[in-house]
Amino acid sequence: MKSSPHRPSIELLFKRGLGSAEIARRLQISSSTVRNVVAAIKKRGDASEVKKSGRPRSVNTRNTRAIIKKRIIRNDGLSLNRMASQLGIARSTVQSIVKNDLKLKSYKLRRGQYLSDKSKAMRLEKCRKLLQHFQVRRVSDVIWTDEKIFTIEPLPNRQNQRQLLSKDDSMSPKRRLAHNRLFPKSVMVWAGITATGKTPLVFIERNVKINSEVYQKIVLMDNLLPWVTQHFAGGPFILQQDWAPSHGSRSTLAVLEAHFPGFLDKNLWPASSPDLNPMDFSVWGMLKGKIAGKVFATVDDLKAALEVAWASIDDGYLRRTVNSVKKRLRACVKARGSNFEILL
């Protein structure tokens, strides 16, 4: 029964001989409240409240929910631990309100390229051009290329790499250390894919600067051109590359015009767009996953593992990945050049 502030008055009038209806009229309260208090008097001899047993009343009140909702609206990245500490309530209560009452769920922040308003406008324009371009040319004929640095030891994932230890052992030498060398040995890898095949992996040593001369000789002429000649056998193809300085110099453009005509030039391929290049949005991640968690004694061991992982990528995966590019271009247009992967 809900506590009534009129208990003492009800008890006094009842003991004076007044009936429930008269007490309710005089105190201008409901007759049910009077009857409940009178019943308690008859049972226990007085109107004092009986202390309730069981769990205390929850702090999950309308006011608490309103405060938490308002704070989340102001800052949806606020820590539940911090909010609980500020409100002086248990984290489990905050978590229950957020999940069950406010119907909210915690999501990891999406990763994406920073895009200025100018970059968004440029991407929108060029994505529209690319969609028109691929109405005439086939996206399956594009050679998608990129470079990535791989190191001989993986970066530790502190979220997933854990140990089960007692509290005492947590401060003992038994607790392992996730560490990396300050400058681990590494190798730059260049590669490309089409819907129907993969170029060779091209390894560029760490001490070699990729200037125009190196890019033209080691990447374009020594590796890509022989592969293109064999793979396409005189058929049409389109080269895609980003526009790093060595890729867009006058001498490199001359090599591209002579040996890779029809490449996606600066008027077509947007800068700051790894989310449009299959090498960036899929292939490198797959390759990294295939060698994840391994520590290699030497760069040569790393290269060998990368070659094995590269060879294991099948044509079905390549076809599906390349075919997704037009969907991404349309999503980019829909997002007005902004980050669009949430639309996929």
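Keep in mind that the model is predicted.

Let's start with the annotation. An unreviewed UniProt entry gives residues 17-44 as "domain: HTH luxR-type". In the model, that span is 79% helix and 0% strand. Its end C-alpha atoms are 18 Å apart.

Now the cysteines. How many disulfides does the whole structure hold? The search finds 0. Look at Cys 127 and Cys 332. The sulfur of Cys 127 has its closest cysteine sulfur in Cys 332, 3.4 Å away. A disulfide needs the sulfurs within 2.5 Å, so this distance is too far for a bond. Cys 127 is buried, at 0% relative accessible area. Cys 332 is buried too, also at 0%.

On to the rings. The count is 6 aromatic pairs. One of them joins Phe 150 and Trp 284, edge-to-face, with centres 5.9 Å apart and 65 degrees between the planes. This pair links distant parts of the chain. Phe 150 sits in strand E1, Trp 284 in helix H11, and 134 residues separate them. Both residues are buried.

Next, Phe 237 and Phe 260. Their ring centres are 6.3 Å apart and their planes meet at 80 degrees, so this pair is edge-to-face. Both lie in loops: Phe 237 between helix H8 and strand E5, Phe 260 between helix H10 and H11. Phe 237 and Phe 260 are buried. They also belong to a cluster, linked by ring pairs with Trp 227 and Phe 232.

Last, charges over rings. Lys 148 lies over the face of Phe 150, 5.9 Å from the ring centre. Arg 328 lies over the face of Phe 281, at 3.7 Å.

Methods
Residues numbered from 1 in each chain as written. Predicted model: local features only at pLDDT ≥ 70, side-chain atom pairs only at ≥ 80, totals over all residues. Heavy atoms only, no water. UniProt positions renumbered as here; feature names shortened; annotations may be inferred. Helix = DSSP H or I, 4+ residues; strand = E, 2+ residues; numbered from the N terminus. Buried < 20%, exposed > 50% of the residue type's maximum accessible area, 1.4 Å probe, protein only. Phe/Tyr/Trp six-rings, centres within 6.5 Å; stacked < 30°, edge-to-face > 60°. Lys NZ or Arg CZ within 6 Å of the ring centre and 35° of its normal.
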